[in-house]
Amino acid sequence: MLRYFVFTFLILTIQTQAKSDETIIVRAERVPLEESMNKVRADRTITQDDIDHSGYVLLNEILSGEAGIHVVQSGPEGGQTSVFLHGLKSEHVLVLLDGVPMNDPSSPGRSYDFSHLSLTNVERIEIVKGADSIHYGSDALAGVIKIWTRPGTKVWQSLVRGEGGGHHTLGALAETRGMLSEKFSLSLAAEEFHTRGFSAASSNYPGNVEDDGFSRQAAQFKVNGRIEGGPHLMLGGKWEQSKTALDQGGGAYQDDLNYSLKKEERSYFLQMDKAINEFWAPSLTLDRAEHVKIANDEKDSPTDLNTLFEHYEGTLNKISLQNSPMWGENTKFTMGVEGTQESMQIEQQMAERKVTSTGVFVSVDHKWGPAAVLAGVRNDHHQIFGDFQSYSL
């Protein structure tokens, strides 16, 4: 069925381009794709002004101040960080970065580690509280956290910022955005952060002499525009890497000179949509997210028995086709189909394993005065667990 939808999208696009001599009537200004894609509701939106005035650097920091959200961090800066929404498990919170699902397939329960995702170049954060599995699948049992990065602007804007503090803390940030041409805009951002930190093993005890440092690097891009006579396109990606120094504990001789945790995330997306008529404006999306986590504890001495090496890799590929026309001013009809392939492996311990799943959903959102009614149905087929239907009202 997925191939059928993709084929239909391409055929309709070609047919529309072939009829370029026909008169096209534009009825209203088009809603940007990043604002309409899979957007059903948001119980709370953290705006760009909220982010700028908060002074926070990481996503988990600004989420910790939100009602109904509980943030738990294990260990020092860069340690495993979980977000609990309405008391449900962190693995039941779906995280979307520019629409790309960021939950890690190599993590138990496919939870997302919030330890190092920065707020650099973030335009807004939308929080959906409560189950919304109709539109997002079973990962959204507790809710959805959607992070949208800033698009390009009509006039070039650039920003360079530096920071410094105690414990040899240094940071630098650079952003630029503007128009590449009359049709396409570009947004770029990069950052570097480093702190020597302090030891989790107290220096008041013997054998503890090393500080536990933390470093983070990130880069991001987004291209947005429309091909003449063709579909609207959006292409983007983000890369983040961090390294955290760890200790064995907080007591005497618990300092570990060679114990570290490295994390790396890469996400890419391509979105295309084409307005064919007032009822048919399909959008096709290709997403990919890659996660790497390496815990490494080398020997501190020839007699050291506390050695460790764990290398996890998780990858998610997703393709989705969606159409969300408005029937009048108050009714939105959404239908979509998506296919996902997840894989994970543990170096030297477990070979790569893959699993696929598909989902089809339909929903109607109707506003009636001060009230709103949302009804939907979804069918998911998992390679291992088979079919499952879910309903929402």
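Helices here are DSSP runs of H or I with at least four residues, and strands are runs of E with at least two, numbered from the N terminus.

**Figure 1. Overview of the predicted model.** Welcome to the whole chain, shown as a predicted model. Its secondary structure comes to five helices and 20 strands. The protein chain has 393 residues, and 46% of them count as buried. Among contacts between residues at least 6 apart in sequence, 60% join residues at least 24 apart.

**Figure 2. A close-up of the largest nonpolar core.** This core has 26 residues. Leu59, Leu63, Phe114, Ile125, Ile145 and Ile147 have the most contacts inside it. At least two of the core's residues come from each of α4 (59–63), β3 (81–85), β4 (93–97), β6 (122–129) and β7 (143–149). Apart from this core lies another one of six residues, including Leu94, Leu96, Tyr136 and Ala140.

**Figure 3. Phenylalanine 114 and its contacts.** Setting aside neighbours within four places in sequence, phenylalanine 114 is in contact with Leu59, Asn60, Leu63, Thr81, Val83, Ser90, Val95 and Ile145.

**Figure 4. Serine 267, a buried residue in a strand.** Serine 267 is found in strand β13, which covers residues 259–273. Its relative accessible area is 4%, so serine 267 counts as buried, the cut-off being under 20%. Not counting residues up to four places away in sequence, serine 267 touches Leu97, Val100, Met102, Gly236, Gly237, Lys238, Arg288 and Ala289.

**Figure 5. A nonpolar patch on the surface.** Here Leu188, Phe221 and Leu235 form the patch, with about 220 Å² of accessible area together. Leucine 188 belongs to strand β10 (residues 184–195). Leucine 188 counts as partly exposed because its relative accessibility is 34%, and that class runs between the 20% cut-off for buried and the 50% cut-off for exposed.

**Figure 6. Tryptophan 368, exposed in strand β18.** Tryptophan 368 lies in β18, a strand of residues 350–368. With a relative accessible area of 66%, tryptophan 368 is exposed. Which separation lies between the C-alpha atoms of tryptophan 368 and asparagine 330? Those C-alpha atoms are separated by 7.3 Å, while tryptophan 368 and asparagine 330 are 38 residues apart along the chain.

Key: Residues numbered from 1 in each chain as written. Predicted model: local features only at pLDDT ≥ 70, side-chain atom pairs only at ≥ 80, totals over all residues. Heavy atoms only, no water. Patch = residues over 30% accessible without salt bridge, like charges linked within 9 Å, V, L, I, M, F, W, Y side chains within 5 Å. Areas by Shrake-Rupley, 256 points an atom, 1.4 Å probe, with all protein chains shown as cover. Salt bridge = Lys/Arg side-chain N within 4 Å of Asp/Glu carboxyl O. Buried < 20%, exposed > 50% of the residue type's maximum accessible area, 1.4 Å probe, protein only. Contact = heavy atoms within 4.5 Å. Core = buried A, V, L, I, M, F, W, Y, C linked by side-chain atoms within 4.5 Å.
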